[in-house]
Amino acid sequence: MAWQWCARESTAAWTALLNQVPAPGVIVSDGGSGLPSALKACWPETKHQHCLFHLHLQMNISRHLTRNTRTDAGKALRGLVMQLSDITDEDAAIAWRIHLDQWWQAFGRLTKERTPFRSGQFGYTHDRLRKAWSLINTVTRCEALFICIAYGNPRTTSPLEGGINAPIRDLLRRHRGMTEEHRKQAAEWFLTLHEFPLEHALTLATRERPSAPTPDGQDGDDTPEPIHSFWPITLTL
């Protein structure tokens, strides 16, 4: 639907992109730098669902703690994050949050412990655990984990990664000899060929319809109409 060139992800770049598209009900993102500020300015009423994979919750939690973390605190925290993919209803989400609070009660003190360095300065003893906890705690506090349960939107940006981003990377990899300007033109040409007109998108984007009563007085079919996903993106070269 839209794209925006930028030197790096920033509030200004995201603002320029979001201004090209009418505000949707929900946005799913990978938690890019500068996006929260741009959302508040451009789409203040839009709900923000963080991608469960790209949001550092599964990919970067594993990077902080490693896949074979040795401490009980690290194993328990990584286990909780890996369970996010299996949560599909409100009860499971509430239970997961309770387990996260229990983790903090059992191991939270470890994130505050400090150790003196040879330089005389103090640093956090369990720095990787602290970073992992800070990541998951920040997201849960802003209530950006379980928007998908209430609205039925995707939980990841995988359709964007596989449908748009991956082919662009493959295009540039196959034509490695192009100049920078030519590479930009190739990416723009690819996006132009896959462009989805805004008017067409608006006709497909449907809201959940209320159930209609049947002639015998019983509730009718309350199955929501399909929710279609559209992806504005930023391009960094």
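This is a predicted model: local features need pLDDT of at least 70, side-chain atom pairs count only at pLDDT 80 or more; totals for chains, interfaces and linings use all residues.

Q: How are the rings of Trp 103 and Trp 133 arranged, stacked or tilted?
A: Planes under 30 degrees apart count as stacked. The planes of Trp 103 and Trp 133 are at 20°, with the ring centres 5.3 Å apart, so this pair is stacked. The pair joins distant parts of the chain, as Trp 103 is in helix H5 and Trp 133 in helix H6, 30 residues apart.

Q: Which residues form one aromatic cluster with Trp 103?
A: The cluster holds Trp 103, Trp 104, Phe 107 and Trp 133. Within helix H5, Trp 103 and Phe 107 are separated by about one helical turn because they are four residues apart.

Q: Is Phe 107 buried or partly exposed?
A: Buried means under 20% relative accessible area. Phe 107 has 21%, so it counts as partly exposed, whereas Trp 103, at 3%, counts as buried.

Q: What does Ala 73 touch, beyond residues up to four places away in sequence?
A: Ala 73, in helix H4, touches Trp 103, Phe 107, Leu 110 and Leu 129. Ala 73 and Phe 107 are 34 residues apart in sequence, yet their C-alpha atoms are 6.0 Å apart.

Q: At what angle do helices H8 and H9 pack?
A: The angle is about 140°, and the axes are 10 Å apart. The contact includes Ile 164 and Leu 171 of H8, and Arg 183 and Phe 190 of H9. By class, this contact has nine nonpolar, no polar and one charged residues.

How values were computed:
Residues are numbered from 1 along each chain as its sequence is written. Side-chain values use heavy atoms; hydrogens and water are left out. Axes are lines fitted to C-alpha atoms, for helices over the stretch in contact, and angles run from 0 to 180 degrees between N-to-C directions. Helices (H or I, at least four residues) and strands (E, at least two) are DSSP runs, numbered from the N terminus. Contact means heavy atoms within 4.5 Å. Ala, Val, Leu, Ile, Met, Phe, Trp, Tyr, Cys and Pro count as nonpolar, Asp, Glu, Lys and Arg as charged, and the others, Gly among them, as polar. Buried means under 20% relative accessible area, exposed over 50%, partly exposed in between (1.4 Å probe, protein chains only). Rings of Phe, Tyr and Trp (its six-membered ring) pair if their centres lie within 6.5 Å; planes under 30 degrees apart count as stacked, over 60 as edge-to-face and the rest as tilted.
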